[in-house]
Amino acid sequence: MIQKIETETGHEEVVYGEDPASGLKSIIAIHSTVLGPALGGVRMWPYASKEEALRDVLRLSRAMSYKASVSGLDLGGGKAVIIGDPRSEKSPGLLKAFGRFVASREGRYITAKDVGTTTDDLEIIAQETKFVGGRSYASGGSDDPSPMTAYGIYEGIKATVRFKWQKESLKGLTFAIQGMGHVGYGLAKHLHQEGAGLVVCDIHPENAKRAETTLGATVVSPEKILDVEADVFSPCALGGGIHAGMIERLKAPVIAGGANNQLLDEMRDGDLLHDKNILYAPDYVINAGGIINIFAELDGYQEEKARRKTAKIAETLTKIFEESRRENRSTPRIALKIAEDRINNTKKN
Ligand code: NAD
């Protein structure tokens, strides 16, 4: 069963798909196809309600449009969510039903992995649709985008530290990282190699423990991560964690991490950070490495080429920081303007 969902958020298309046989309950949101097909991962999460899932997918898909735009990619923005616990409710039948749901959009939406889904899951989804990005190397894809995302965040962090403190090295700086999953752990490895200090947390203790064992990270509880006396706070879990109450508590003068939709209210919280002189690297700018990696599949994937393009995240961020300082406007406002201008100019031509 596929049902259209009406929204007032300017999305081109939002659909709900249900398959009682497999238990699939999913929403695909296509925010924009102005620059190209809407590419974005599928998140599987135990949302408390369909409304909560809808809110998440609307925000995530919008951010994908801006991420592709600001990164200079000819891609639109979309995202999908599956309501359910990936640890207990995922099955081949459910993934195949999701694949048929993706196929029903006839290429306007291209799926990929996100929180709660894996490269192996994509292979099952791909049995039902060809519109899947980031498939395994064995299937001719660019494989898991997370290492490239982590690399891009690392390059972005270096640019952020350079701008904030005119420092070329991360040595001796302390990073508080929230979330030790694919991206958080990948980033932690880069930072560790540069001699940075790590304080980490995860709601699944075994994930945090791995960073303690292999990288010498200090582990704190998820409730304590904001209180850490860190130079950089790096959100690498889920979004919406940055809001007025949190900003009051935060000790770090820089926020730069991989999670999507970090600010609960993009403009209001962005302004608050700006007023408090906390330098914020806009999420969809700094975490674009994964989508850059998948986009590179289109002209024959070459990792080195994707890596060079991902490294340019540092230039884009520096431009945003400089403009923010010059115009005395928050970094999310500057990033949004750059992203929207490209989409609007393409619409006109
Ligand atoms: P993941 O599922 O591998 O990791 C997320 C980790 O965060 C998990 O270990 C989870 O237990 C932990 N977590 C969840 N809530 C938490 C909380 N409140 N406090 C502490 N830890 C918590 O996912 P990922 O691929 O690493 O993605 C992380 C974030 O980066 C997501 O917001 C995702 O949308 C975003 N992102 C990922 C990619 C990518 O290539 N994987 C690309 C762009 C953006």
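Where does Glu-13 lie? Glu-13 is part of strand β2, which covers residues 13-19. Welcome to this structure, which is a predicted model.

**Glu-13 and its surroundings**
- Glu-13 has a relative accessibility of 11%, and because buried means under 20%, it counts as buried.
- The side chain of Glu-13 makes a polar contact of 2.4 Å with the side chain of Arg-105.
- Another polar contact, of 2.9 Å, joins the side chains of Glu-13 and Arg-108.
- If neighbours within four places in sequence are set aside, Glu-13 is in contact with Ile-28, Ala-29, Ile-30, Arg-105 and Arg-108.

**Aromatic pairs**
- A pair of aromatic rings is described by how far apart the centres are and by the angle of the planes.
- The count for this model is three aromatic pairs.
- In one of them, the ring centres of Tyr-66 and Tyr-284 are 5.9 Å apart and the planes stand at 45°, so this pair is tilted.
- Tyr-66 belongs to helix α1 (residues 50-70) and Tyr-284 to helix α9 (residues 283-286), so to speak of this pair is to speak of a link between distant parts of the chain, 218 residues apart.
- Tyr-66 and Tyr-284 are both buried.
- The rings of Tyr-151 and Tyr-154 also form a tilted pair, because their centres are 6.5 Å apart and their planes meet at 50°.
- Tyr-151 and Tyr-154 sit three residues apart in helix α4 (residues 146-165), which means that about one helical turn separates them.
- Tyr-151 is buried, and Tyr-154 is buried too.

**Arginines over rings**
- Arg-210 lies over the face of Tyr-185, at 3.7 Å from the ring centre.

**The two sides of helix α6**
- Helix α6 spans residues 205-215, and its buried residues are Ala-208, Ala-211 and Leu-215.
- Which elements do the buried residues of α6 pack against? They pack against α5 (182-193), β9 (197-201) and β10 (218-219).
- The exposed residues Pro-205 and Thr-213 are on the face of α6 that is turned away from its buried side.
- Gly-216 follows α6 and has a positive phi, near 70°.

Notes: Residues numbered from 1 in each chain as written. Predicted model: local features only at pLDDT ≥ 70, side-chain atom pairs only at ≥ 80, totals over all residues. Heavy atoms only, no water. Phe/Tyr/Trp six-rings, centres within 6.5 Å; stacked < 30°, edge-to-face > 60°. Helix = DSSP H or I, 4+ residues; strand = E, 2+ residues; numbered from the N terminus. Buried < 20%, exposed > 50% of the residue type's maximum accessible area, 1.4 Å probe, protein only. Lys NZ or Arg CZ within 6 Å of the ring centre and 35° of its normal. Polar contact = N/O pair within 3.5 Å; in protein donor to acceptor, adjacent residues only side chain to side chain. Contact = heavy atoms within 4.5 Å.
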